[in-house]
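Colleague: Could you walk me through reading side-chain features in a model like this one? I would like the general idea and then the case at hand.

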Amino acid sequence: MGNIADDVNSRFENNKVKALINILFTAGWITNKQNTFFKPFGISPQQYNILRILKGAGEPLKAQTVKDRMIERAPNATRLMDKLSAKHLIERMPCDYDRRVVYIHITKEGLALIQEISADLNLDFLENLTEDEAGHLSDLLDKLR
């Protein structure tokens, strides 16, 4: 198992600073693992998040609703959707009564990609946690926010 003090070759003035550095370090570590995992599929973790939101909704959503539900509320969500649209993984549908509103729908190709990714999804970095520990960690992170 890792030790944040060893990983960043540092000592900390208190446990709260240590926890903050550990959260930031771990977030970067997970981001790197995600980027490596999604690269062969030709999408980013943020694009995968958009596809999962649309799949879970089961119906077209307003683009703004998709943005609001994203894990990482990226200011470039429109650009992410542009790329997914260019790959035919989502479709944009204009609203009949308001030109400012655009609905987003996942395509059959998008659903197939989600299924392919789900079959390969590797969460081995969570193996060191029991189910109870994972629940406790999630509760602590909720408390932090």
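**Reading rings and charges**

Modeller: Happy to! Keep in mind that this is a predicted model. Let us start with burial: Phe38 has a relative accessibility of 4% and therefore counts as buried, since the cut-off is under 20%.

Colleague: Which ring pair does Phe38 form with Phe37, and how are the planes set?

Modeller: For ring pairs, look at the distance between centres and then at the angle between planes; an angle over 60 degrees counts as edge-to-face. There are 3 aromatic pairs by this rule. In one of them, the centres of the Phe37 and Phe38 rings are 5.0 Å apart and the planes stand at 80°, so the pair is edge-to-face. Phe37 also pairs with Phe41, with 5.5 Å from centre to centre and 50° between the planes, and this pair is tilted.

Colleague: Is Phe41 buried or exposed?

Modeller: Phe41 is buried, at a relative accessible area of 17%.

Colleague: Which residues do the ring pairs link into a cluster?

Modeller: The cluster is made of Phe37, Phe38, Phe41 and Tyr48.

Colleague: Now the charges. How many salt bridges does a search of the whole structure find?

Modeller: The general idea is that side chains of opposite charge can pair when their charged atoms come close. The search of the whole structure gives 3 salt bridges. One of them joins Arg92 and Asp82, at 2.6 Å from N to O.

Colleague: What about Asp98: which residue does Asp98 form a salt bridge with?

Modeller: The partner of Asp98 is Arg100, and their closest N and O atoms are 3.0 Å apart. Asp98 is buried, with a relative accessible area of 18%, whereas Arg100 counts as exposed at 74% relative accessibility.

Colleague: And how far apart are the closest N and O atoms of Asp142 and Arg145?

Modeller: In that salt bridge, the closest N and O atoms are 2.6 Å apart. Asp142 is partly exposed, with a relative accessible area of 43%, while Arg145 is exposed at 72% relative accessibility, because the cut-off for exposed is over 50%.

Note on methods. Residues are numbered from 1 along each chain as its sequence is written. This is a predicted model: local features need pLDDT of at least 70, side-chain atom pairs count only at pLDDT 80 or more; totals for chains, interfaces and linings use all residues. Side-chain values use heavy atoms; hydrogens and water are left out. Rings of Phe, Tyr and Trp (its six-membered ring) pair if their centres lie within 6.5 Å; planes under 30 degrees apart count as stacked, over 60 as edge-to-face and the rest as tilted. Buried means under 20% relative accessible area, exposed over 50%, partly exposed in between (1.4 Å probe, protein chains only). A salt bridge is a side-chain nitrogen of Lys or Arg within 4 Å of a carboxyl oxygen of Asp or Glu.
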